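Dear colleague,

Please find below the structure that I am handing over to you. My notes on it follow directly after it.

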Amino acid sequence: MISFDTLPGNAALKSALKNALADRFPQAVLLSGDDSAALAAWSDVLAAGILCESAEPRPCGTCLSCRKVSEGVHPDLTVIDEGENELKVDLARRLKAEDAIIPNDGARRVTVIRHAQNLNPMAHNALLKELEEPPAYAFFVLTAEQPDTLLQTVRSRCTKFSLIPQEETGGDGEVAALLAPYLEALAARREDRMMLAALALEKTPRRALLGVIGVLQGALRDAIFVGKGLPQPPVAAALRAQTQALAGAVSAARLLALYDFLGVLTDRVSRNAAAAAVTNALTSDAYRICFL
């Protein structure tokens with residue numbers, strides 16, 4: 001049965017994707033990580049979740065749509081996997097033609113492009129046009145082992161999620177312990193304490209740091225919903241107290257600006273940004289965005 005429960009590790013990422021599927025899911029997603037087989041498995045589950053006919057949770061694994069995805073016969077799912085071969089412009093043009101056709105079985109059509117870093121320049125530009133103004137029913141899931149090689153314009157139009165190898169991923173409690181002092185300092189408007197908390201992240205391996213930043217984005221998302229009084233299940237449940245305090249200290253608009261900035265920071269970390277630069281971003285830049 002196709003389900004998030006069959007995927008190992010990355011509990012925070014699972015929670016974020018499940019909650020996104022239960023709400024308004026972005027039309028373009030970029031999944032990145034080093035393990036191409038793991039990325040393929042996650043993209044399959046995510047595609048099933050987008051196409052799932054159940055109310056919640058998605059994917060249910062049992063509806064007709066989920067079964068078709070599992071069997072590889074869903075008419076509204078296109079999976080592009082050329083291995084390490086170059087992805088050329090004629091592929092992007094074919095996708096454009098397919099997306100002009102309304103879905104057969106349901107309300108959505110999903111295109112999964114694996115190894116998206118192998119798009120050649122012309123294919124990049126053709127795909128970019130599709131991502132700029134996709135039909136309301138069209139959804140894209142890109143996977144990339146080297147996401148920083150994608151055009152910045154393509155990356156900026158995708159909601160980014162990082163898949164962290166299980167051996168490098170701390171448990172939920174460990175990640176919460178790293179982030180709780182930072183969120184508490186941010187809510188208290190204590191830039192000095194923010195720096196101390198950010199310094200504690202400097203020894204985190206780069207790929208694991210991407211996951212930590214993802215959890216931080218989830219906590220900001222929770223705080224935004226709390227601030228707006230919107231009842232949504234938390235993405236970062238272990239940080240509930242900190243996100244509630246943050247919602248009372250920073251406006252939803254500024255939290256959203258910080259959320260977007262963390263997306264930029266994710267790109268910097270992917271390109272091997274220096275530890276000092278990350279610390280500065282999480283300290284002075286974050287403080288400026290929230291309070292100045």
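Which residues point one way from strand 1, and which the other way? Ala28, Leu30 and Ser32 point one way, Val29 and Leu31 point the other way, and all are buried (buried means under 20% relative accessible area, exposed over 50% and partly exposed in between, with a 1.4 Å probe and protein chains only). Strand 1 is thus described as mostly covered, five of its five residues being buried.

Please note that this is a predicted model, in which local features need pLDDT of at least 70 and side-chain atom pairs count only at pLDDT 80 or more, while totals for chains, interfaces and linings use all residues. Residues are numbered from 1 along each chain as its sequence is written, and side-chain values use heavy atoms, with hydrogens and water left out. Helices (H or I, at least four residues) and strands (E, at least two) are DSSP runs, numbered from the N terminus.

Five strands form an open sheet in the order 2-3-4-1-5, with parallel pairing; two strands pair if DSSP finds at least two bridges between them. Strand 2 (77-80) and strand 5 (159-162) are the edge strands, each pairing on one side only. On average, neighbouring strands of this sheet are turned by 15° against each other, direction ignored. Strand 1 (residues 28-32) runs parallel to strand 4 (residues 138-144) and is joined to it by five bridges; in strand 4, Ala144 is the bridge partner of Ser32. Four bridges join strand 1 to strand 5, and these also run parallel. Leu31 stands opposite Phe161 in strand 5.

Helix 2 (residues 36-51) lies across strand 1, strand 2, strand 3 (109-113) and strand 4, and runs at about 170° to strand 4. Axes are lines fitted to C-alpha atoms, for helices over the stretch in contact, and angles run from 0 to 180 degrees between N-to-C directions.

Packing against helix 12

The axes of helix 11 (residues 252-270) and helix 12 (residues 275-291) come within 9 Å and cross at roughly 160°. Helix 11 and helix 12 are therefore roughly antiparallel to each other (angles under 35 degrees count as roughly parallel, over 145 as roughly antiparallel, 65 to 115 as roughly perpendicular and the rest as oblique).

Helix 8 (residues 191-199) packs with helix 12 at an angle of about 155°, their axes 8 Å apart. Helix 8 and helix 12 are therefore roughly antiparallel to each other. The contact includes Met194, Met195 and Leu199 of helix 8 and Thr279, Leu282 and Tyr287 of helix 12. Its residues divide into seven nonpolar, three polar and one charged.

Backbone points

The peptide bond from Arg58 to Pro59 is cis, with omega near -5°; Pro59 lies in the loop between helix 2 and helix 3 (64-71). His115, in the loop between strand 3 and helix 5 (121-132), has a positive phi of about 55° although it is not a glycine. His115 counts as buried, at 9% relative accessibility. Arg189, in the loop between helix 7 (172-187) and helix 8, has a phi near 60°, a positive value in a residue other than glycine. Arg189 counts as partly exposed, at 48% relative accessibility.

With kind regards

Conventions. Contact = heavy atoms within 4.5 Å. Nonpolar A, V, L, I, M, F, W, Y, C, P; charged D, E, K, R; others polar.
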